[in-house]
Amino acid sequence: MLRGLCKLTWIEIKIFLREPLGALGTIGFPVLIFLGLGRVAGRRLTASSLPANGFLRVDLPVFASLLIAVSAVLSLVTIISIYREGGILKRLRATPLRPQTILTAHVLVKLLLTASTLVLMVLAGKRYYPVGVHVRLFSFTIALLISTWSILSIGFLIASLVPTARFAQPVGALILYPMIAVSGLFGPVESLPPALHAVARVLPLTYAVHLLQGIWKGDAWSAHLGDVAALVVVFAVCAALSAKVFRWE
């Protein structure tokens with residue numbers, strides 16, 4: 001099982017990298033957004049400005065990290081839909097590999113690409129846009145992987161319900177990108193209207209933002225056990241729903 005999982009994961013990575021547009025959207029786009037916004041903000045905002053410092057030092061890296069996670073999810077939704085529509089999932093299921101192994105390989109690919117993109121973002125940021133912080137990169141990478149892992153479960157649920165690849169990515173974007181606006185990244189969740197505040201409290205991106213912001217600033221993991229627990233619950237619920245409604249053909 002482990003050998004088959006590793007082999008299938010490697011095959012999926014090679015297939016992904018053969019598509020330049022997909023690789024650019026998942027890997028290049030978040031890094032370019034991070035560098036572009038950072039350089040523009042760095043020129044226009046003075047170093048003495050507290051809002052500028054907060055944006056450059058914490059919010060922008062977290063925003064770019066969320067883009068990495070969401071891009072991975074949208075890529076997953078599209079690939080699963082294409083595989084189903086093309087009959088690839090049906091053929092894979094007919095192999096000796098277990099269904100869980102097939103789906104786990106896709107998750108591993110997205111997690112590996114998420115970690116790789118984060119490293120590229122940090123390296124590029126140090127070269128072109130020094131934010132002046134000493135982030136615990138390993139802890140932040142783990143936090144981002146936990147967040148991505150949870151959000152990927154939403155992607156699987158979307159992929160389970162969207163009938164064709166044609167509508168997969170637009171539907172995923174319509175669901176995921178608005179979550180960023182009420183996730184607490186651009187302002188405290190408590191300042192939102194009551195209805196939006198209630199919505200934000202059940203969205204995984206809210207807990208992902210709080211976790212990523214805290215770990216980026218150097219908080220201990222013990223201060224964010226609630227965020228991790230919420231992300232795990234989201235994964236468990238979405239995984240259970242996906243298992244019931246997922247269609248292989």
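A crossing is left-handed if the near helix is turned anticlockwise from the far one by less than a right angle, and right-handed if clockwise. By that rule, helix 6 passes helix 7 in a right-handed crossing.

This is a predicted model: local features need pLDDT of at least 70, side-chain atom pairs count only at pLDDT 80 or more, and totals for chains, interfaces and linings use all residues. Residues are numbered from 1 along each chain as its sequence is written, and side-chain values use heavy atoms, with hydrogens and water left out.

The chain holds 10 helices and 0 strands. Helices are DSSP runs (H or I, at least four residues), as are strands (E, at least two), numbered from the N terminus. Of the 249 residues, 49% are buried (under 20% relative accessible area, 1.4 Å probe, protein chains only).

| Pair | Angle | Axes apart |
|---|---|---|
| Helix 6 (residues 137-161) and helix 7 (residues 165-181) | about 140° | 11 Å |
| Helix 6 and helix 9 (residues 204-217) | about 175° | 9 Å |

Angles run from 0 to 180 degrees between N-to-C directions, and axes are lines fitted to C-alpha atoms, for helices over the stretch in contact. Helix 6 is roughly antiparallel to helix 9 (over 145 degrees). The helix 6 contact with helix 9 (heavy atoms within 4.5 Å) includes Phe 140 and Leu 144 of helix 6 and Leu 211 and Trp 216 of helix 9. By class, this contact has 12 nonpolar, 3 polar and no charged residues.

In the other pair, Ile 151, Ile 154 and Ile 158 of helix 6 meet Val 171, Gly 172, Ile 175 and Leu 176 of helix 7. Here the classes are 6 nonpolar, 1 polar and no charged residues. Ala, Val, Leu, Ile, Met, Phe, Trp, Tyr, Cys and Pro count as nonpolar, Asp, Glu, Lys and Arg as charged, and the others, Gly among them, as polar.

Key. Parallel < 35°, antiparallel > 145°, perpendicular 65-115°, else oblique. Buried < 20%, exposed > 50% of the residue type's maximum accessible area, 1.4 Å probe, protein only.
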